[in-house]
Amino acid sequence: MAKVFLFVVLYGLWVGSGLGEETDQKAPYRIHTLFSVECQNYFDWQTVGLMHSFKKARQPGPITRLLSCTDEEKKNYRGMNLAPTFEVPSMSRHPRTGDWYPAINKPAGVLHWLQHSKDAENVDWVVILDADMIIRGPIIPWELGTEKGRPVSALYGYLIGCDNILAQLHTKHPELCDKVGGLLAMHIDDLRALAPLWLSKTEEVREDRAHWATNITGDIYGTGWISEMYGYSFGAAEVGLQHKINDNLMIYPGYTPRRGFEPVLLHYGLPFSVGNWSFSKLAHHEDDIVYDCGRLFPEPPYPKEVRLMESDPDKRRALFLNLECINTLNEGLLLQHAANGCPKPKWSKYLSFLKSTTFAELTRPKYLAPGSGQNLETREKPDIVEPRGSHPKIHTIFSTECTSYFDWQTVGLMHSFRLSGQPGNITRLLSCTDEDLRQYRGHNLAPTHYVPSMSRHPLTGDWYPAINKPVAVVHWLNHANIDAEFIVILDADMILRGPITPWEFKAARGKPVSTPYDYLIGCDNELARLHTRNPDACDKVGGVIIMHIDDLRKFALLWLHKTEEVRADTAHYATNITGDIYESGWISEMYGYSFGAAELKLRHTINREILIYPGYVPEPGVNYRVFHYGLEFKVGDWSFDKAKWRTVDVVNKCWAKFPDPPDPSTLDKSKDDTLQRDLLSIECAKTLNEALLLHHKKNCPDPNSLSTSNLDKTDNFPGSRKFVRAYGGNNAGRSNPTVNHTRESTLPPVTDSLFSSLRIWIIVLWVVSGLGFFVVMLVVFSGRRNKGTRGKSYRNKKRSYTNFVDTNGHDRHPRSAESSL
């Protein structure tokens, strides 16, 4: 009895403390949370996760699921009890046009709720979420800074149609178009004004097939699948709603949150992993896990294992968010199974963990840090700035071309960017000819700004692809909406190991930071005296550049002009003048940078602790932030040379990768300097292969379920209403890597008919092959009968094709002269 009494007392204290905490968050105004789904298993398990997290986070006010179903779907639907539900007519098949576009159900459902729900008459503020989200703490509009006429949302930086002809065609106020989505918090009056336009603009953009191209919409498929997102942005612009954009509230699992901020929303639209464990929502499109008693998603590692596998506190924090996301989903499934009447599951270590105080403590409601609601971007009120003491915004850029060579480098760099904790956005400057662009398949590899190619100079006809780097920077500066204060410029053949920030490396306006390129001897001789008025200001730098945006705007055109000037100076291509061992002017772009900066007397802080080439011996105690694998490097008998992979398409060939480096345990530990060198080389190679593996997991069929003949196929059939691409997310507009490296596109689900027809064709192919083999054998045997009548002229002639030459060998530089490509 004493134990029972003690338990009751403790339980009362726990409940009391919980109620007290909830009372502190009691809304002075009425809040209602909405999310939109369809009658599918795919949305049912997401609903279970969202509803469980809603209760766990103590979100104020009611929540309503807007359920879009056809009459036929509803007959077999099992999930009516999963959430408080308001049924809305399905518009997946448009009643007027017949267009199949399920994403339109979101604005259609919101409008129907506003017009027909009694709940909508008793609301002040509305929070609109997606089903594939986990709430970590109360989302209270006024605490976020939401005002009437000024909603709060997260940045979807890939909605480039806000900056081009798409916005000019579809809203009278293109200057008010905000690239937002994911989380929406707004006043009910604003939603009433917006909702009809959200729907009509979605229909309008969806029907504008002439402007579905990727370079106009940012939709990687060029098929209008993100029309609903543009419908929202254009509708909001039409009614004059300007958003406060908060980039610290929502994060994609797999990305690193900004230091000092606790995200209150996890959006698991992208695959994420912890060690060898991974999760992708797309792998569970037809999964009836909600109704399959006792079955959960595969258990991830435990927190203590994560503490052992990751020493960096920021990366470890990101991994804990990954665990929290999947564990909350599984906890919700356990409770739903019990509500379904399932038998009590057998004891397991994992179930014990989910019921433990450790897990309860890890998933207690998270509340906004002071200042979180003020960390907003807005164009109408420039006086709203980040809290005092915060760091300036950063934007990272890198230049590539439309080739498979740059595609695998892009995959590696983007993967490392997401892991590094690098603040701000990232943009790939992609230089392509029109012909290249028509055939290019790598649009979804990174947030991209498209640039006309100048590989073949339009005036001189000179073939010099390296000039695309300054050309692309100039084009980006003149065509993109850039709100960052500092720009970090990288090369594609780099792997980020940690953040590169102006505040850590002491960059300032008028004082850029870069890494040494000591082989640029032209800074010390007549080359500099010929091409700059200030040869004494010539810095031998390159690779990583951190520069203030104002300096870059003044400098970029000079960078381009000086590159053209040095490239045209063929009289001074000699090795003893330039340091270029090929005497071909190949490093003219590097001199263009140094001479352009010298013209402005823009002197650099040269830091040798930012970048290292794999294969070089590191300085003891230096935490290098970047691998630059522009040179061949070796570990024992294993080696890697990027130039040997110039024409190999490891991105579009499913499950292709580079040769694995040696296991670290096999290294000679007798010499610490060579050991550290080899460990860094292995880390670089492993990161590239990890990046490729994640890319293939997201885009390729399971190699265990399909024949090897299918593994070279590059067409994907995303099986979700929303397919999120790994890109800018932060994906492209964050202080931490969250949503804008991603692209969320609404795609039609895969149907069984696709695979049925595939099986039919395979059977037909087998039959035709068998008949063909039979005919060939008949011909062969009949030929043998006539063998004696044939003369020598019928003998087979052997031909040798041995004249294969590596035409790219001249592009490779020794360690003293790194190529920019």
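Colleague: How many salt bridges does the count come to?
Modeller: A salt bridge here is a side-chain nitrogen of Lys or Arg within 4 Å of a carboxyl oxygen of Asp or Glu. Side chains of opposite charge can pair when their charged atoms come close. By this rule the count comes to 36 salt bridges.

Colleague: What are the ground rules for this model?
Modeller: This is a predicted model, where local features need pLDDT of at least 70, side-chain atom pairs count only at pLDDT 80 or more, and totals for chains, interfaces and linings use all residues. Residues are numbered from 1 along each chain as its sequence is written, and side-chain values use heavy atoms, with hydrogens and water left out.

Colleague: Which parts does the salt bridge between K74 and E87 tie together?
Modeller: The N to O distance in this salt bridge is 2.5 Å. Helices (H or I, at least four residues) and strands (E, at least two) are DSSP runs, numbered from the N terminus. K74 lies in one such run and E87 in another, 13 residues apart in sequence, so the pair ties together helix α3 (residues 71–75) and strand β3 (residues 85–89).

Colleague: Is R150 buried or exposed?
Modeller: Buried means under 20% relative accessible area, exposed over 50%, and partly exposed in between (1.4 Å probe, protein chains only). R150 forms a salt bridge with E147, their closest N and O atoms being 4.0 Å apart. E147 is partly exposed, at 30%. R150 has a relative accessible area of 5%, so R150 is buried.

Colleague: Which helix holds both E565 and K562?
Modeller: These two residues form a salt bridge, with the closest N and O atoms 3.5 Å apart. E565 is partly exposed at 32%, whereas K562 is buried at 9%. They sit 3 residues apart, about one turn of the helix, and both lie in helix α19 (residues 549–568).

Colleague: Which strands stand at the edges of the open sheet of 3 strands?
Modeller: Two strands pair if DSSP finds at least two bridges between them. The sheet has the order β18-β23-β22, with mixed pairing. Each edge strand has a single partner, so one side of each is left without a neighbour in the sheet. The edge strands are β18 (494–496) and β22 (611–612).
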